[in-house]
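Thanks for asking me to look through this one with you.

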Amino acid sequence: MSAARRSASSTDRFKAAASSRRRDAETGQAPERGKTARRSKPVRITVDLDPADYRQMKRLVDALADGTDIPTLAHSVMWRALLHLAADDEQLLERVAEQILADRDEY
């Protein structure tokens, strides 16, 4: 198949894909591209910590578990709490930015 024929057919394939999209129950229209539902599944991230940072994180999580009387506290609970606190606290966010700049050479 030639390149010209392949590119001409891609337009047809996009049209076919668009026409096969799920239609809105009320309007009968397919949603515009980029206007579909937002992601609802959690997004997994991975963080590589050096052994000293990992030990520090473990100590912090263990102290939080003791302080909150939660027998087993997942590391992700601490990270989510810190994320929410930083989002709501301008001064904390500034301190985090300063720490990032100070540690910049290590990354």
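Predicted model: local features only at pLDDT ≥ 70, side-chain atom pairs only at ≥ 80, totals over all residues.

1. Met 57, Val 61 and Ala 65 are buried in H2. Viewed down the helix axis, the buried residues of H2 fall within an arc of 70°, so they line one face of the helix. As for what lies over them, the cover of the buried residues of H2 includes helix H3, residues 75-88.

2. Now for the geometry of the helix. H2 runs over residues 51-68, which makes 18 residues. From first C-alpha to last, H2 reaches 26 Å, close to the 26 Å expected at 1.5 Å a residue. Just after H2, Asp 69 adopts a positive phi of about 60°.

3. Asp 62 is another residue of helix H2. Its relative accessible area is 42%, so Asp 62 counts as partly exposed, a class that lies between the cut-offs of 20% and 50%. Between Asp 62 and Thr 72 there are 10 residues of separation in sequence, and their C-alpha atoms are 8.3 Å apart in space.

4. Val 43, Ile 45, Val 47, Leu 49, Tyr 54, Trp 79, Leu 82 and Leu 85 make a nonpolar surface patch of about 800 Å². H3 gives the largest share of this patch, with 3 residues. One member of the patch, Leu 85, is placed in helix H3. Why does Leu 85 count as exposed? Its relative accessibility is 51%, and exposed means over 50%.

5. Finally, the whole chain. The protein has 4 helices and 0 strands, and along the sequence the pattern reads α-α-α-α. Of its 107 residues, 7% count as buried; the buried residues Met 57, Val 61 and Ala 65 of H2 were described above. The accessible surface of the protein comes to about 10,300 Å², and carbon and sulfur atoms account for 53% of that surface.

Notes. Residues numbered from 1 in each chain as written. Heavy atoms only, no water. Helix = DSSP H or I, 4+ residues; strand = E, 2+ residues; numbered from the N terminus. Expected span 1.5 Å × (residues − 1). Buried < 20%, exposed > 50% of the residue type's maximum accessible area, 1.4 Å probe, protein only. Arc of directions from axis to C-beta. Contact = heavy atoms within 4.5 Å. Patch = residues over 30% accessible without salt bridge, like charges linked within 9 Å, V, L, I, M, F, W, Y side chains within 5 Å. Areas by Shrake-Rupley, 256 points an atom, 1.4 Å probe, with all protein chains shown as cover. Salt bridge = Lys/Arg side-chain N within 4 Å of Asp/Glu carboxyl O.
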